[in-house]
Amino acid sequence: MNTLAEGSKEKLEQGRVVNDFSIQVATVNGSGSQSSNSVLMRSIFQMGIPVSGKNLFPSNIAGLPTWFTIRVNKDGYIARKAETEILIAMNPQTAIEDVKSLSSGAVCISPVELRLEAIRTDVLHYQVPFSELAAKASENMKLRKLLTNMLYVGIVAELLNIDHAQIETSIAKQFEGKTKAIDLNLNAVKIGRDWARENLKKQDPYAVEPMNKTQGKIIIDGNAAAALGSLFAGVTVVTWYPITPSSSLCEQLIDYLKAYRIEKESGKASFAVIQAEDELAAIGMALGAGWAGARSMTSTSGPGISLMAEFTGYGYFTEIPVVIFDVQRVGPSTGLPTRTSQADLISAHTLSHGDTKHIVLLPGSVAECYEMAGDAFELAEKFQTPIFVLTDLDLGMNNWMSDPFVYPTKPINRGKVMTAADIDKAGKFERYRDVDGDGIPYRTLPGTDHPQAAYFTRGSGHNEKAGYTEKPEDYVNLMDRLEKKFQTARAFVPPSVVSLEKFAIIGLIAYGSSDFAVEEARDQLKVANIATSYLRIKALPFTDELRKFVEGHDHVYVIEQNRDAQMRDLIRLELPDLAMKIRSVKHYDGLPIDARFVTDAIMEQER
Amino acid sequence: MTAAPPTNRIGLTLNDYKGAPSTLCDGCGHDAITAQIIKAFYELGTEPHMVAKLSGIGCSSKTPAYFLNRSHGFNSVHGRMPSVATGVSMANHTLTMIGVSGDGDTASIGLGQFCHLVRRNVPMIYIIENNGVYGLTKGQFSATADLGSKAKSGVMNELPPIDLCGLAIELGCSFVGRSFAGDPKQLVALLKAAGSHQGTAVIDVISPCVTFNNHEGSTKSYKYAKEMETPLHELGYVPFFEQISVDYEPGSVQEVEMHDGSKIRLKKTDRDYDPTDEINAIVTIKKAHANKEFLTGLLYINENKEDFTTIMNVGDAALATLPESITRPPKSALDEIMAELM
């Protein structure tokens with residue numbers, strides 16, 4: 001049964017809309033819709049069409065509303081898009097609001113009994129007897145509920161013309177090796193598809209057509225990507241405490257470590273993963289391991305970062321390598337645990353009491369989550385200090401299309417570690433002396449067989465020989481060397497990515513997951529005759545490109561996902577003489593930033 | 001010409017096991033413990049460079065600077081030495097670890113981490129230098145102060161103590177001892193035995209604070225401890241490298257064989273105490289509190305419990321020094337993973 005509303009007539013007249021729309025599936029969490037959504041997304045991906053998927057979920061296990069959005073875009077834009085073209089309204093709790101939020105002419109697929117056609121007459125409704133169809137799919141009541149999700153996959157597949165062969169492949173991948181599940185689900189898709197073919201008259205303009213834009217690409221979430229980066233960086237000690245949205249980073253890392261880092265003959269592990277009692281312990285363990293010479297890491301989110309403050313300051317002051325992943329969520333406090341944010345920037349950068357500044361890496365894609373995980377371990381040992389890798393829920397937990405990751409080209413470098421032979425050669429070892437003039441001292445590992453190798457690590461004042469001191473000159477000497485080391489890091493952290501547009505007087509600056517929206521917004525602005533250059537920051541401390549970029553433009557917009565314009569403020573501190581040129585675009589409602597928001601915000605200020 | 005100082009089995013002198021001069025108050029119990037730690041490692045003939053010494057914050061936690069100068073030291077943050085120790089142990093399980101903490105560091109701010117260290121059975125010697133007060137902040141009660149114990153200011157402690165030995169046994173600790181800084185003979189034997197133990201060895205040592213808790217009315221003063229100390233047994237330790245056989249009256253000695261072949265010899269006193277009986281150990285500790293007794297010795301030992309290194313299934317070599325050929329999987333691994341994601 002379908003009702004054609006007035007608004008949709010116009011859309012039809014515009015002709016077909018191919019490979020450029022968003023599908024939103026509204027369900028209840030715990031209903032098993034995740035598999036169906038993955039199958040739907042993957043099938044389109046396998047047709048060669050760029051897609052991105054976003055899971056908007058509550059901090060709850062079962063029974064609360066959840067939304068999954070699949071954006072299909074022929075031009076390869078994979079940022080969130082605010083508007084939905086096709087709604088699959090499966091959740092009676094939210095159906096009315098969901099339909100109300102559609103724009104005129106959109107499509108709504110819903111269970112017939114919800115009678116949504118009365119709520120919006122300007123929307124094209126496809127009403128489906130899901131319960132009836134589910135009864136056909138299985139006699140088992142429990143399974144019916146799960147299979148209902150596969151029914152909508154079949155219906156959408158028919159309406160959009162998704163290759164059945166791709167659905168078969170996706171289902172086989174999703175239910176790897178479980179023949180019974182594969183058959184059941186495929187059958188449900190078929191029931192949905194057949195019903196749609198026989199009962200629905202296609203009246204919407206949306207369709208997919210095969211392309212060749214995804215061949216050779218992978219789909220992965222940022223947490224898995226960071227886990228892979230850590231695996232290939234040779235991480236040996238991993239400590240963590242479960243917290244959304246970072247848990248899946250360590251969980252996926254555990255799977256990879258078990259698969260690739262257990263010695264075949266002995267069955268022994270070349271790694272240790274410890275689920276700590278809290279984040280205080282997680283960072284303590286990681287620091288202990290880093291001090292003793294392991295490549296160590298921990299992964300957490302905002303509340304964990306707060307708990308790690310004291311130890312992170314210790315790591316900075318005593319110069320211990322460790323990598324800390326912060327998959328940011330909305331704070332402060334518990335905040336919105338399942339929503340995304342970039343608001344830990346300043347707190348991570350300056351984490352701890354006292355004068356503290358940490359190196360922070362800011363991956364802007366899943367590929368960079370992988371690469372920068374590797375960079376982080378190298379930098380941690382090179383600079384003998386905690387390194388933060390700041391991702392966020394959007395990047396970390398959502399599925400992204402990417403080019404395959406590249407195997408590390410450089411051998412692992414453990415930094416300035418002196419062996420017994422090195423000490424003999426040098427004639428002495430002083431833990432905190434700046435021998436090379438770069439602010440980075442030498443260290444020894446426990447177990448080094450040399451009478452002069454040992455030193456005493458303390459969070460209290462220490463001199464170049466690691467001896468206790470409260471002398472003013474010793475303290476100043478130490479703090480100045482730490483600052484020098486931080487300045488040295490500017491030349492070694494990943495440089496900003498700069499894209500200059502001819503005649504552009506406006507510069508855009510962004511970082512992390514905002515990149516997708518900014519890239520798309522630049523194209524939208526171009527259409528509106530606003531040319532923009534773009535600098536994407538990949539790390540703190542800032543690299544040399546920043547000043548040049550700001551100087552080279554009349555004014556710049558710093559686009560970020562937090563309330564306080566944290567990056568803008570850091571840039572103003574960095575470039576006080578240019579502070580007046582630096583404007584802000586902020587998005588902080590917990591949803592991933594979208595291109596239209598950026599474009600509108602800039603147009604508004606440019607008016 | 002003076003005679004060369006005596007050396008131990010690896011040719012080092014007692015001096016080679018010493019640290020920087022102590023900056024604690026004269027007569028501090030902690031210094032007495034430090035002296036026994038030096039002696040224990042010297043007599044065991046441990047390679048100093050294979051020892052890692054760790055601590056938290058407080059007077060007690062300063063002491064790793066005063067012993068084993070040739071060992072790496074890690075004076076961490078308040079109450080968090082256990083997590084650091086766990087990380088060090090995972091990175092390099094070939095090290096012998098000794099942690100020194102205090103009653104504030106372990107029983108208050110660090111209670112959680114202490115519990116989880118014990119629960120994991122991280123192989124290390126964990127010493128609590130227990131004086132019932134916060135020394136560095138000038139004499140506030142700690143959580144191990146006995147009910148009714150009097151502070152220097154005359155204030156009475158109104159809360160019951162946390163018994164760290166009882167707690168450790170409850171948490172499954174595989175080696176639990178209690179001693180007194182004024183009983184060097186027993187302490188050094190306990191320390192050496194702890195060094196042979198594979199797992200967490202907790203030793204709670206009553207260590208009087210001469211400045212803030214050594215007065216009349218204190219239950220952690222030298223005078224009180226000396227008068228009240230009741231050893232559960234006469235404790236002897238025979239290292240694996242010098243097996244001495246002594247004839248004892250049958251039934252008067254209990255011998256516990258350790259992993260490395262060393263033996264603990266427990267000569268019975270008028271009590272008949274079996275430290276391998278967990279339930280009895282808990283009951284004994286409870287009764288001691290009720291009877292206001294100060295029992296010392298090896299309270300509990302279990303040589304059959306797996307330590308954390310074993311549970312974590314790491315190989316013989318330290319994770320810290322594994323070469324890239326082991327820690328970085330080959331390109332074929334990445335290719336395989338990428339293919340699965342396509």
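In helix 10 of chain A, the residues Leu280(A), Ala281(A), Gly284(A), Met285(A), Ala286(A), Leu287(A), Gly288(A), Ala289(A) and Trp291(A) meet Ser83(B), Val84(B), Ala85(B), Thr86(B), Gly87(B), Val88(B), Met90(B) and Ala91(B) of helix 3 of chain B, where two residues are in contact if their C-beta atoms, placed from the backbone, lie within 7 Å. By class, this helix-to-helix contact comprises twelve nonpolar, five polar and no charged residues, with Ala, Val, Leu, Ile, Met, Phe, Trp, Tyr, Cys and Pro counted as nonpolar, Asp, Glu, Lys and Arg as charged, and the others, Gly among them, as polar. The model is a predicted one, in which local features need pLDDT of at least 70 and side-chain atom pairs count only at pLDDT 80 or more, whereas totals for chains, interfaces and linings use all residues. Residues are numbered from 1 along each chain as its sequence is written, and chains are lettered from A and ligands numbered from 1 in the order in which they are written.

Helix 10 of chain A and helix 3 (residues 81–91) of chain B pack with their axes 6 Å apart and at an angle of about 40°; axes are lines fitted to C-alpha atoms, for helices over the stretch in contact, and angles run from 0 to 180 degrees between N-to-C directions. The two helices are therefore oblique to each other, since angles under 35 degrees count as roughly parallel, over 145 as roughly antiparallel, 65 to 115 as roughly perpendicular and the rest as oblique.

The contact between the chains takes 57 residues from chain A and 49 residues from chain B. Several elements of chain A each supply at least two residues to the side that touches chain B, including helix 8 (222–232), helix 12 (309–318) and strand 19 (456–458), and helix 10 of chain A gives the most, with nine residues; helices (H or I, at least four residues) and strands (E, at least two) are DSSP runs, numbered from the N terminus. Strand 19 of chain A also pairs in the parallel sense with strand 2 (residues 72–75) of chain B, over three bridges, two strands being paired if DSSP finds at least two bridges between them. Within this pairing, Gly73(B) is the bridge partner of Phe456(A).

Chain B also holds an open, antiparallel sheet of three strands in the order 10-12-11. Strand 10 (233–238) and strand 11 (253–257) of chain B stand at the edges, each with a single partner strand, so one side of each lacks a neighbour in the sheet.
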